[in-house]
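Reader: I have a sequence and a model open side by side. Where should I start reading?

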Amino acid sequence: MTEHTPNTNTPETAGPEPFEAEDWIRTFAVAPPEHVDLPPHHPHCLGCGPANPHGHQLRVRRDAHGVYAHHSFDSRHVGAPAIAHGGAVATVLDDLFGFLLYTVGELAVTRHLAIDYLAPVLLDTPYTLRSHIHSRAGRKLHLRATIENNHAHVVTTATALFLIVDIDHFLTPRHNASAATAPTTHEDQQGPQMDSP
């Protein structure tokens, strides 16, 4: 390892240890309805973790419609010059969708994420991100989000399908990763049915 290649497995940047997973899961869905400021998913989350120096450190609030955040992408997120990488934008939107779970009070995972990049998302530019639950059908949460610039022009839209899962999904991730390739219920076999925004 050269001096220019950081060790990403240091205690400061490593993710939560396996023994911490159960504590994290048991506290994740607890965010009283009166709390407007929502807590990060965990300290090392790439989207919102305050202890992750490589992350976006998204700070999300709840309102009557869903959740929202103010965010600027910086030089760590560059794609084309002066423009945020599409993957960085997707990361933030996926994480924003995850904050809706505080309003549902259940655990869920991303099954499908679709993004329309309507205009470049610029670096060092303030944006407002908004997300809400469009509909729910059983375990399926159909979600929508937008990114707006400071002139209220929508530059990105996204839809997602999240599936409600139980606690064991996170306690045995290796088993569930292989099981995810073979849906076990008719509901899971159906592809996402997204409406137009």
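Predicted model: local features only at pLDDT ≥ 70, side-chain atom pairs only at ≥ 80, totals over all residues.

Reader: Which sense does the pairing of strand 1 and strand 2 take, and over how many bridges?

Author: Strand 1 (residues 60-62) pairs with strand 2 in the antiparallel sense, over 3 bridges. Arginine 61 stands opposite tyrosine 68 in strand 2. These two strands form a hairpin with 4 residues between them, where glycine 66 takes a positive phi near 160°.

Reader: Is strand 2 mostly covered or mostly open?

Author: A residue is called buried when its relative accessible area is under 20%, and exposed when that area is over 50%. In strand 2 (residues 67-71), 4 of the 5 residues are buried, so by that cut-off the strand is mostly covered.

Reader: Where is histidine 70 placed, and is histidine 70 buried or exposed?

Author: Histidine 70 is in strand 2. With a relative accessible area of 56%, histidine 70 is exposed.

Reader: Which residues does histidine 70 touch?

Author: Leaving out residues up to four places away in sequence, histidine 70 touches Arg59, Tyr127 and Thr128. With threonine 128 there is also a polar contact between the side chains, at 3.2 Å.

Reader: How many salt bridges does a search of the whole structure find?

Author: The search finds 4 salt bridges. One of them joins the side chains of aspartate 37 and arginine 61, at 2.7 Å from N to O. Aspartate 37 lies in the loop between helix 1 (21-28) and strand 1, while arginine 61 lies in strand 1, so the pair ties together parts that are 24 residues apart in sequence. Arginine 61 is partly exposed, with a relative accessible area of 34%.

Reader: What meets the side chain of arginine 136?

Author: The side chain of glutamate 106 meets arginine 136 in a salt bridge of 2.9 Å, N to O. Glutamate 106 is in the loop between helix 2 (86-104) and strand 3 (108-117), and arginine 136 is in strand 4, so this pair ties together parts 30 residues apart in sequence. Glutamate 106 is partly exposed at a relative accessible area of 30%, and arginine 136 is partly exposed at 43%.

Reader: Which residue meets arginine 130 in a salt bridge?

Author: Glutamate 148 does, at 3.8 Å from N to O. Arginine 130 lies in strand 4 and glutamate 148 in strand 5 (residues 140-148), so parts that are 18 residues apart in sequence are tied together. Arginine 130 counts as partly exposed at 37% relative accessibility, whereas glutamate 148 counts as buried at 17%.

Reader: How should I read a helix, and how many residues does helix 2 have?

Author: An α-helix has 3.6 residues a turn, so residues three or four places apart point the same way. Helix 2 has 19 residues. From its first C-alpha to its last, helix 2 reaches 28 Å, close to the 27 Å expected at 1.5 Å a residue. Just after helix 2, glycine 105 takes a positive phi of about 80°.

Terms used: Residues numbered from 1 in each chain as written. Heavy atoms only, no water. Buried < 20%, exposed > 50% of the residue type's maximum accessible area, 1.4 Å probe, protein only. Pairing = 2+ DSSP bridges. Expected span 1.5 Å × (residues − 1). Contact = heavy atoms within 4.5 Å. Polar contact = N/O pair within 3.5 Å; in protein donor to acceptor, adjacent residues only side chain to side chain.
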